[in-house]
Amino acid sequence: MNTRKKILFVITKSNWGGAQRYVYDLTTSLPSQEYEIAVACGGTGLLIDTLHQKNITVFEIKSFQRDISFTKEFSSFFELQKLYKTWQPDIVHLNSSKAGGLGALAARCAHVPKIIFTAHGWPFWEPRNIFQKSLIAFFSWLTVVFSHVTICISKNDTCTAQRMPLCAHKIHYIPNGIEPYETLTRPLAREKLFDQHTINEHEHDIWMLTNAELTANKNHIRAINAVLSYNQSASQKIFYVLMGDGESRNTLSTYITTNTAENQIALLGFVEHGATYYNAFDIFFLPSLKEGVPYVLLEAGNIGMSCIASNVGGIPEIITHEKSGILVSPENCDEMKKAFENLSKNGDLRVAFGTALKKTITELYTKKRMLEETERLYK
């Protein structure tokens, strides 16, 4: 007789981002003698490949897609409900906004015993018009209402959720966490990422990295503009590298070409195990318009990189301004340029900020803590 608890993780997209990393870390770390694990998701992305390598069962939700389509939402609801009734999970653990709303409603209709939703940053913080924000806020609230438990990964989002009507008792704060990881030396990391001509051309530059999905929410255009403006007058230029892929890839490539910036900005595309190569860079820059607790920032801090990041979401909980990094407004290029100047011209400051940030990450944002506190909710 199978006495293991059955947990079904549900996430909208199967590409590789923060929410997908979270699902992967949980599903591959829970003790197999206690839990039977499966994942339901849309698409054919890297998450599916990595889960298959770990022998995790994956169910495809064919109607899942990020953009709103009432026909697709209707189909997704019935796909999920059918899967719940067939696989009969004890726990459904929902991730991402769309999977959360549809998944929670379908789970209630299918009488799933326990429904857990992880909010990876509330979507109503994204820049939208007031009508869209209000509608998204309402459906976010419904997701929390339909779920038995909601996990918030930042204190900021936790406070927001606790103010939602009838929801305070359901909210649990559990931040993302990582384990220490191996990194390449600076020379080797650069050799693996770039040809020798590029390395030589930028030998005396400050190398700055953004590792993020290429979407409008990550604010790449404004970051590029800040770098180009800074480089116009800086004696030591910034070589700015974007690591990641996504729907804005062609737009960004065209923008770089139009501004004749190919020798200042590089698009690397998606790099598997990207954090392995962080030592190639001097500064980590995360200019996002909205964030929860970004794994890429935890990774950068874990090896003592100096960081510049937007003053949004859970980021100020990780970085203390001018003590363990620099926080900037994601809409203010002048603040970005000032931060570039401060860190570019002061190597000792980069070391001091990186050391302080590493202490924060290794003490507070551990994978062990994340797993233990999440498993308590399962039990």
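**Entry 1: Arg 249.** I started with a salt bridge, which I take as a side-chain nitrogen of Lys or Arg within 4 Å of a carboxyl oxygen of Asp or Glu. Arg 249 forms one with Asp 245, and the closest N and O atoms are 4.0 Å apart. Before going on, I noted that this is a predicted model, where local features need pLDDT of at least 70 and side-chain atom pairs count only at pLDDT 80 or more, while totals for chains, interfaces and linings use all residues. Residues are numbered from 1 along each chain as its sequence is written, and side-chain values use heavy atoms, with hydrogens and water left out.

For exposure I use relative accessible area: buried is under 20%, exposed is over 50%, and partly exposed is in between (1.4 Å probe, protein chains only). Arg 249 is partly exposed because its relative accessibility is 29%. Asp 245 is also partly exposed, with 38%.

I then placed Arg 249 in helix H10, residues 249–258. Helices here are DSSP runs of H or I with at least four residues, strands are runs of E with at least two, and both are numbered from the N terminus. What does Arg 249 touch, not counting residues up to four places away in sequence? I found Leu 214, Leu 267 and Gly 269, with contact meaning heavy atoms within 4.5 Å. The C-alpha atoms of Arg 249 and Leu 267 are 8.4 Å apart, although 18 residues separate them along the chain.

Entry 2: How many salt bridges does a search of the whole structure find? I get 16. As background, side chains of opposite charge can pair when their charged atoms come close.

Arg 128 and Glu 126 meet at 2.7 Å, N to O. Glu 126 is buried at 12%, whereas Arg 128 is partly exposed at 36%.

Glu 373 and Arg 369 pair at 3.2 Å, N to O. Both lie in helix H15 (residues 367–378), 4 residues apart, which is about one turn of the helix. Glu 373 is partly exposed at 22%, and Arg 369 is partly exposed at 26%. I also noted a network of salt bridges that links Arg 21, Asp 25 and Glu 299.

Entry 3: I checked helix H14 (residues 347–364) for length: its 18 residues reach 26 Å from first C-alpha to last, close to the 26 Å expected at 1.5 Å a residue. The expected span is 1.5 Å times one less than the number of residues. Which residues of H14 are buried? They are Arg 350, Phe 353, Gly 354, Leu 357, Thr 360 and Ile 361. These cover an arc of only 125° around the axis, so they sit on the same side of H14; the arc is that of the directions from the helix axis to the C-beta atoms. The face turned away from that buried side carries the exposed residues Asp 348, Val 351, Thr 355 and Lys 359.

In H13 the buried residues are Met 336, Ala 339, Phe 340, Leu 343 and Ser 344. Their arc is only 120° around the axis, which puts them on the same side of H13. Asp 334 and Lys 338 are exposed on the face turned away from the buried side.

**Entry 4: positive phi.** Most residues other than glycine have a negative phi, so I looked up two exceptions. His 111 has a positive phi of about 60° and lies in the loop between helix H4 (97–109) and strand S5 (114–119). Asn 219 has a phi near 65°, in the loop between strand S8 (206–211) and helix H9 (220–233). Buried or exposed? His 111 is exposed at 68%, while Asn 219 is buried at 5%.

**Entry 5: Asn 302.** I finished in helix H11 (residues 295–302), where Asn 302 is placed. Asn 302 counts as buried because its relative accessibility is 8%. Leaving aside neighbours within four places in sequence, its contacts are Ile 178, Glu 179, Pro 180, Tyr 181, Lys 358, Ile 361 and Thr 362.
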